[in-house]
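The sequence and the structure come first.

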Amino acid sequence: MDRQTRELLDFNKIKEEVLSYCFSREGAVIIEEQDFFREKEELSASLDKTCEFRMLLDVTEGLPAMDFPAMNFFKKIDKEGSVLEGPEAANLSRYIRSSMALSKYLKHIPENRDDYRALLVPEAELIPDLSPLADEISRNLDDQGNILENHPAIKPIKRVINRLTQDMRDISFKYLQSNKDYWQTDLPTQRDGRTVLPLKAHHRGKVKGIVHEVSAKGATVFIEPYEVVEKNNQLAVEENRLRQEELKILRELTRRIQEELDQCEILVGQIAFLDSIYSRARYSRVHKCSRPHLLERGIKLIEARHPGLGNQVVPINLAVDGETNILIITGPNTGGKTVSLKTAGLFVMMHQFGMEIPAREGSGLALFSGVYADIGDDQSIEESLSTFSGHMRRHSFIMDSADSESLVLLDELGGGTDPQEGAAIAMSILDWFANKGALVITTTHLGVMKNYGYTRKGAQNASVTFDDATLKPTYHIIPGIPGESHALEIASASGLAPEIIGAARDYVRGEKTDVSEMIQELQEGQIRIREQEKALKDSKRELNQLRRNVDLKELRLRQKEAEIRMDDYGELKKYIRNSRKELENLVASIKTGILDKQKTKSVREFVDDLTLKEGAEEEKRQELEMLLEEELSGESASDGAALKPADPDLFQEGIDVLVGPHKRNGTLIRKERGGKWLVAVGQMKMTFKEKDLIPVKGKKKKDTSYKLSVGKRGAYASMELDLRGMRLSEAISALEQHIDRAILSGLTVFHVIHGLGEGVLQKGVHDYLRSCPSVKKFDFAHPEQGGFGKTEVELG
């Protein structure tokens, strides 16, 4: 990825923006010096951390308040006898405190983000805790690096200095206030660190003292009166004593920092590394980026937005599959061909720099050994190079540098010279790259190149679309179809005289008509296919939603059935308990006396009551099952038409009939009292009035009824569901059945084992649980219970 390619693809501008997001000078140095990733493992590890930092920024209010001054004094204090300046030590203290704030921030685990793997927590743990050193610095220095005024070692010295300074001020003002005519001003001044008075030269002999300086014109003599000399001497002694004490404090702080120098260097290195990750994550957040999948070969960009085009950019879709070596993009000028080239190359470089790309999720990029581009005009007056010569020199460099894993981007290949010879050179160059195995994306206006895209194995055409109504490009790329340049239309829209346009049409009419019509038909066919695909996707989405609604309705009905059965079970249990007592009383009565008519009558009444109760419960059960069957059919009873009464002679045991308002298939079993029949509907037996039955003549229809079963063997859910070893579709199906069983069994909490692996099964399970209305909440299990390999599910 040579310097010219980085400039052509605007990568340096992207890098400058990333640098602007760094919060430390050391982090910026890492970004400046970092090379592109060429190993999958290293790239994936870097992107993992960048994505997690971006997710953390999404769910928080941003980084805490931090200050990371440049730490450029470590080599200085490594030398024996060196002493840090106060501001340097204070900077280290702020750096340490900021690092602790960053460490705490990175250890925060976002809620409701199942895809967050806490990869930044181990990195935060690598930040050394040097808080004791920062505390010691703060006990001696303020934030600007000055020794604290109340420091016990210098406080008494400063008290003496303040007193001497005040004494000198009083003496000086005493001189200045008396004999005011002697002095140039009424304020003392300083010379060589000593207090002096500005005496007029012609009064020089009237004040005794030491002359320090005479003004340039000789009008003023700066004199130190003898009375002030002693005070100045005492002040100089105390100030020297203060400097020595301050030096002693700084020397001790330097010694403490030298003891922790290794840890300080580790601290700065780790903060710089995290800063380099943060700056890329910040870029992702600003530009709404996503992580592309790592492909074995090829490029797949979905709604890719070139970051240099601002908010007016039209997203593009560009795909080069693993079987394609050469993609030839044709179409009108300003249609987006060159932007597509730049976007593909730039996104590859961003990806291999450890960055996410401004494209929709689902995009993918392969790992390339290098990216080489020839875009724009390489004409050079200084080197006597024409446009064509400049391109040829650039092509030679790329051919010398590229290998089978390279991405080559060539704009207007074969242009700038005779079209026939240029096309021959262009095809020869593409042949060379194809034999080399490199992936080439090129743009051209040469018609011969479109035929090359159809006939050459591994080559593919693509075109940028053009709106014939508005005479403007749409910037959409259609794969598999070459495009027309639409030069005449664009020239006409740009104001070229109509007679010139007409003459030009006469020149090209005939030899290009058939090809143009063929291209137009292909484009229209491609548009129809895309519209059909969109309609198919919409239908599939509606079908999935309908299926989901049916599943939810079925689940609610199962819950309702279970609740009703549990209520009926409670009533039945109560009835059996009372009946048992009554039966025990009857048995005791029979045993203790003679069996008379009254006792016999009581026994018969008891048996009759049981029989009636059994019949009532059976009828209730049949009504419930019929109700549930009708609900599951998805039809409304009000929509059913009234059944015509049939000839009673047609009803015989074993014949097929249509039953109920929904005309369900059934078979007559036997006739009951009161003009009713016992009918088998599927696996259920229900009683219907004869007027609600219609005999079916001919062959029986296939039974399409659905039978709900509750409480059978295997319908109860266990506390743990193991999905390891299953494909995702199998796992989701097993999870759906387990939730159904859990609801019917009254189980509200269970565990799902999905393992760690590559995270596909884990993500799929969490996506389903997040969309399931029966799930109240879910989260990873505690570390001692399986951690990220197991999920605890609570139903609500």
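Which residue in E9 does His293 stand opposite? His293 stands opposite Gly364 in E9.

## Basis of the model

The model is predicted: local features need pLDDT of at least 70, side-chain atom pairs count only at pLDDT 80 or more, and totals for chains, interfaces and linings use all residues. Residues are numbered from 1 along each chain as its sequence is written, and side-chain values use heavy atoms, with hydrogens and water left out.

Helices (H or I, at least four residues) and strands (E, at least two) are DSSP runs, numbered from the N terminus. The protein chain has 21 helices and 23 strands.

## The four-stranded sheet

An open sheet is formed by four strands in the order E5-E9-E6-E7, with mixed pairing. Its edge strands are E5 (293–295) and E7, each of which pairs on one side only. From one strand to the next, the twist averages 25 degrees. Two strands count as paired if DSSP finds at least two bridges between them.

E5 and E9 are parallel and share three bridges. Strand E9 (residues 364–366) also pairs with E6, here in the antiparallel sense over two bridges; Leu365 in E9 is the bridge partner of Ile299. On the E7 side, E6 (residues 299–304) pairs with E7 (residues 316–320) in the antiparallel sense over four bridges, and Lys300 has Ala319 in E7 as its bridge partner. Helix H12 (residues 337–352) lies across E5, E6, E7 and E9, at about 105 degrees to E6. Axes are lines fitted to C-alpha atoms, for helices over the stretch in contact, and angles run from 0 to 180 degrees between N-to-C directions.

E12 (residues 439–443) is largely enclosed by the rest of the structure because five of its five residues are buried (buried means under 20% relative accessible area, exposed over 50%, partly exposed in between, with a 1.4 Å probe and protein chains only). In a regular strand the side chains alternate between the two faces of the sheet. Both faces of E12 are covered, with Leu439, Ile441 and Thr443 buried on one side and Val440 and Thr442 buried on the other.

E12 pairs in the parallel sense over four bridges with E8 (residues 326–330), where Ile326 has Val440 as its bridge partner. E11 (residues 406–410) also pairs with E12 in the parallel sense, over four bridges, and Leu407 has Leu439 as its bridge partner. The chain runs from E11 through helix H14 (residues 419–436) to E12 in a right-handed β-α-β crossover; with the strands pointing away from the viewer, the path from the first strand over the helix to the second runs clockwise.

## A buried glutamate

Glu52 lies in helix H4 (residues 40–59) and is buried, with a relative accessible area of 2%. Not counting residues up to four places away in sequence, Glu52 touches Asp115, Tyr116, Arg117, Ala118, Leu119 and Leu120. Contact means heavy atoms within 4.5 Å.

## Chain totals and confidence

Of the 796 residues in the protein chain, 42% are buried. Among contacts between residues at least 6 apart in sequence, 67% join residues at least 24 apart.

The mean pLDDT (the predictor's confidence in each residue, from 0 to 100) is 82, and 80% of the residues reach 70 or more. Over residues 634–644 the pLDDT is below 50, and this stretch has 13 contacts beyond near neighbours in sequence. Residues 699–715 also stay under 50, with 29 contacts beyond four places in sequence. Where pLDDT is low, the predicted coordinates should not be read in detail.
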